[in-house]
Amino acid sequence: MNIRSITAPNPGPFTLDGTRTYLLGETAVIDPGPAIDSHVQAIAAAMPRLQTILVTHRHADHAPAALPLRERTGARILAPRGVLDSADLRLGGGESIAVEETAVEVLPTPGHTDEHVCYLTAEGDLFTGDTVLGAGTTAIFPPDGNMGRYIDSLRLLRGRSPRRIFPGHGPVREDATALLDAYIAHRLDRERQILASLQTGAKSIPQLRRAIYTDLDPRLEGAAEIQLAAHLVKLCDEGRAGEGGGVYRLTGGSGGRH
Ligand SMILES: [Zn+2]
């Protein structure tokens, strides 16, 4: 299937050069993006036969353009629960959607947000929304973001051995399985660093941040601390760490669900 993309004019620290809206053949789009007029117009002009609008998750840089695009084209909106009240069909994962001659499978990938889904074509092209980006790593913001479920979702995607990754932000990646391996390794490395830092005396999130992110742009300190918090939620859930009044400690649990 022919895949094209249009990048929305919403660059930023979390969106890289902007949200990538993917055009599948002549009839489907994935992640219509932010409701910016020029972007909606560009999609509608490129897809005069649009029938199906697929959405990965509810964030404002991915979903809202679905509504004006439906209005313009009459296409139906397929979205996970909690995304766009007026969606025409709810997706929970496991569905297969026909896009012209190709089957597109819906994969449940909670973690970045709880309702997040990815889309995998029969040819092995994987559309990852914010679960995997084309550059850098994605942000997990608890409580909606969940690091344990996120790592499980990365493993689910790796298990499907995709051929290419089409991320919500950043370039298409031809090294799909290596990228997923690197994403999983990055999170597990960070988890090991947190456990080691707790072992050697760090007790609070700012102390962990200073121990682990030794050369960090001060503007990213807040985001780094949130990522540490996401890991700590996972470690506490697994019984490997404990917390009281913002003070963390190792609990000696051999834990881990894998
Ligand atoms: Zn997002």
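Across the interface of domain 1 and domain 2, the rule finds zero salt bridges. The model is predicted. Polar contact across this interface amounts to one residue pair, with both residues at pLDDT 80 or more. On the side of domain 1 that touches domain 2, six residues are nonpolar, two are polar and none is charged.

Now the layout. Domain 1 spans 3-184, and domain 2 spans 200-249. Their C-alpha centres are 30 Å apart. Eight residues of domain 1 meet seven residues of domain 2 in contact.

The size of an interface is often given as the accessible area lost when the parts come together. Here, domain 1 and domain 2 bury about 660 Å² between them. Carbon and sulfur atoms give 76% of that area. In domain 1, Phe-141, Pro-142 and Met-147 lose the most area to domain 2. Together these three residues make up 60% of what the domain 1 side buries.

Turn next to His-112. This residue sits in the loop between strand E8 (102-108) and strand E9 (117-121). Its relative accessible area is 7%, which is under 20%, so His-112 counts as buried.

Which side chains are joined to that of His-112 by a polar contact of 3.4 Å or 3.1 Å? The 3.4 Å contact is with the side chain of His-57. The 3.1 Å contact is with the side chain of Asp-130. Beyond its neighbours within four places in sequence, His-112 is also in contact with other residues, including His-59, Thr-138, Ala-139 and Ile-140. Gly-145 and Tyr-150 are among its contacts too.

How values were computed. Residues numbered from 1 in each chain as written. Predicted model: local features only at pLDDT ≥ 70, side-chain atom pairs only at ≥ 80, totals over all residues. Heavy atoms only, no water. Helix = DSSP H or I, 4+ residues; strand = E, 2+ residues; numbered from the N terminus. Buried < 20%, exposed > 50% of the residue type's maximum accessible area, 1.4 Å probe, protein only. Polar contact = N/O pair within 3.5 Å; in protein donor to acceptor, adjacent residues only side chain to side chain. Contact = heavy atoms within 4.5 Å. Domains from an automatic or database assignment. Buried area = accessible area lost by both parts, 1.4 Å probe. Salt bridge = Lys/Arg side-chain N within 4 Å of Asp/Glu carboxyl O. Nonpolar A, V, L, I, M, F, W, Y, C, P; charged D, E, K, R; others polar.
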